[in-house]
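Me: I would like to go through a model and learn how to read its cavities, pockets and helix packing. Please take one feature at a time.

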Amino acid sequence: MRYLGSKVKALEFIKHTVSKTYGDISGSTVADLFSGTVVVAEMFKSLGAKLITNDYMSFSYALQLAKIKLNKEPCCSINYYDAINKLNNLQGEKGFIYYEYCLEGTKGKEFQRNYFSPENAMRIDAMRKCIGSWKKEGKISSDMFYLLCSDLVNAVTCVSNISGTYGAFLKIDDQRKYKPIKLIPTIFIDNGLNNDCFNKDIFEIIDDVSGDILYLDPPYNSRQYPPYYHILETITDYDNPAIYGLTGRRPYQDKLSPFCMKDKALPALLNIVERARFKNIYISYNTDGIINYHELGDQLKKIADVNYFFMPFRRYKSNSNGNYKGKLKEIIIYAKKRD
Ligand SMILES: C[S@@+](CC[C@H](N)C(=O)[O-])C[C@H]1O[C@@H](n2cnc3c(N)ncnc32)[C@H](O)[C@@H]1O
């Protein structure tokens with residue numbers, strides 16, 4: 001899944017850095033508390049660690065449940081693979097996604113939105129409604145509910161008419177829009193352990209978790225995540241929010257992250273590290289992030305031994321000439337807390 005700040009291309013770098021400094025990861029307890037698409041947590045899980053994950057986005061919680069908490073499909077009165085089959089064969093139905101996020105459904109309204117084909121929008125509505133009814137009627141557990149939401153979220157990202165985020169839809173259709181939506185069953189990673197997943201603001205959870213390794217991948221620029229992934233949130237929550245504007249965002253004033261604010265990001269991150277009940281803390285950051293990484297390292301040195309590790313990284317956007325504006329560096333700051 002395409003995601004702002006995704007570490008999918010940095011996995012080897014992260015694995016190498018942690019293995020070199022910490023040692024054998026298997027058998028350790030690792031927390032990834034800004035887990036996003038959960039690719040880093042998945043890597044740690046497949047190396048045999050016990051995982052604790054968290055992110056304040058609901059859709060991330062669904063992904064966490066599927067890939068981190070569950071080691072295999074949950075047992076319910078509806079079998080997981082039968083459920084996928086049923087959902088894939090549902091007739092489309094007009095609902096919130098159709099009426100708000102496709103051209104046909106928004107015709108004649110103040111804003112015409114072009115995120116989905118009408119067929120896919122109706123099928124998303126039908127699938128989401130069906131998953132919700134199964135849950136309400138007690139036919140599926142909460143784990144199965146989020147597992148199916150995760151499969152739906154992944155499928156939706158494959159048919160969305162966007163260039164990467166839901167911050168805007170494309171004016172000229174991408175071919176993805178015309179692919180019929182299809183749920184693909186999750187491939188589970190089994191570490192044989194009880195893994196914990198949370199959907200909280202990190203400040204609400206940091207005192208309640210402990211372990212060997214804390215991996216932190218906070219936002220590194222001023223882009224708040226909720227407006228860029230609003231449709232995935234709405235598909236997970238399916239709560240008919242009072243959306244607004246051309247892109248149909250859901251309100252997110254209660255989810256403004258201090259890690260995206262220049263004057264708040266450094267104290268917020270220091271506060272998390274100070275409170276963390278983990279000795280080994282790895283912070284993924286960027287050399288041109290809103291926190292100056294030298295300043296971050298200098299502050300951390302008051303409570304920890306600090307080392308920097310760099311990975312050359314291509315810039316996310318090119319300038320108007322199509323040239324990369326320079327080299328961004330993906331960095332890991334390793335802070336080993338002193339006792
Ligand atoms: C750089 S992304 C993490 C990317 C992730 N490592 C990946 O590879 O997909 C930062 C994440 O922090 C989350 N986030 C931002 N502020 C947060 C907060 N206060 N509490 C919990 N999560 C937060 C965002 O939702 C986003 O998913």
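Predicted model: local features only at pLDDT ≥ 70, side-chain atom pairs only at ≥ 80, totals over all residues.

Me: What is the volume of the largest cavity, and which residues are closest to its centre?

Reply: On a 1 Å grid over the protein atoms alone, a cavity is a set of points where a 1.4 Å probe fits but cannot get out; a pocket is an open set with protein on both sides within 12 Å along at least five of seven lines, and lining residues have an atom within 4 Å of a point. Points are joined across faces, edges and corners, and the volume is the space filled by probe spheres set on them. Here the largest cavity holds about 360 Å³. Its lining has 32 residues, of which F34, G36, D55, D217 and P219 are the closest to the centre.

Me: Which element gives the largest share of the lining of the second largest pocket?

Reply: Helices are DSSP runs of H or I, at least four residues, numbered from the N terminus. The largest share, four residues, comes from α8. This pocket has a volume of about 320 Å³. Among its 18 lining residues, M1, T37, E42, K67 and N154 are the closest to the centre.

Me: At what angle do α4 and α8 pack, and how far apart are their axes?

Reply: Two packed helices are described by the angle between their axes and the distance between the axes. Axes are lines fitted to C-alpha atoms, for helices over the stretch in contact, with angles from 0 to 180 degrees between N-to-C directions. Helix α4 (residues 80-88) and helix α8 (residues 142-157) pack at about 45°, with axes 11 Å apart. Y80, A83, I84 and L87 of α4 make the contact (heavy atoms within 4.5 Å) with M144, L147, L148 and D151 of α8. By class, seven of these residues are nonpolar, none polar and one charged.

Definitions and conventions. Residues numbered from 1 in each chain as written. Heavy atoms only, no water. Helix = DSSP H or I, 4+ residues; strand = E, 2+ residues; numbered from the N terminus. Nonpolar A, V, L, I, M, F, W, Y, C, P; charged D, E, K, R; others polar.
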